[in-house]
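Hi,

Here is the structure I promised to pass on.

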Amino acid sequence: AGFHCLSDWDGALTEFKREVERAMRDPSSFDHIGTRITPVTDNGTHLVIMEYRAANGFGGLNVGEARAIMQNGDCSFQIIAFD
């Protein structure tokens, strides 16, 4: 079901979370809210949707979402959207 790829501690796809955090203007403001995963498709992939909170350019906090396609077999992923 893909859950074997997610962290037992916070439910995140850890390296995906790190990549999104590194891409932030202020990485120290990053706060993981939650990660959802779709059922595996016929080609062995999942859609992973991560919601997070981070500082915007004015110092306020915004909620954003990042999406990735993840391979069920080896947990590798490719980011497809990041807002």
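Predicted model: local features only at pLDDT ≥ 70, side-chain atom pairs only at ≥ 80, totals over all residues.

Phe16 first. Phe16 sits in helix H1, which covers residues 14-22. With a relative accessibility of 1%, Phe16 counts as buried because the cut-off for that is under 20%. Beyond its neighbours within four places in sequence, Phe16 is in contact with Val48, Met50, Ala66, Arg67, Ala68, Phe77 and Ile79.

Then Thr45, in strand S2 (residues 45-55). Thr45 is buried too, at 10% relative accessible area. Its side chain makes a polar contact of 2.9 Å with that of Asn43. Leaving out residues up to four places away in sequence, Thr45 touches Pro39, Val40, Ile69, Met70 and Gln71.

Now the charges: the whole structure has 6 salt bridges. Among them:

- Arg53 and Asp31, with the closest N and O atoms 3.3 Å apart. This pair links distant parts of the chain, as Arg53 is in strand S2 and Asp31 in strand S1, 22 residues apart. Arg53 is partly exposed at 30%, and so is Asp31 at 34%.
- Glu65 and Arg67, at 2.6 Å from N to O. Arg67 is partly exposed, at 29%.
- Arg22 and Glu15, at 2.9 Å from N to O. Arg22 is exposed at 53%, whereas Glu15 is partly exposed at 33%.

Cheers

Notes: Residues numbered from 1 in each chain as written. Heavy atoms only, no water. Helix = DSSP H or I, 4+ residues; strand = E, 2+ residues; numbered from the N terminus. Buried < 20%, exposed > 50% of the residue type's maximum accessible area, 1.4 Å probe, protein only. Contact = heavy atoms within 4.5 Å. Polar contact = N/O pair within 3.5 Å; in protein donor to acceptor, adjacent residues only side chain to side chain. Salt bridge = Lys/Arg side-chain N within 4 Å of Asp/Glu carboxyl O.
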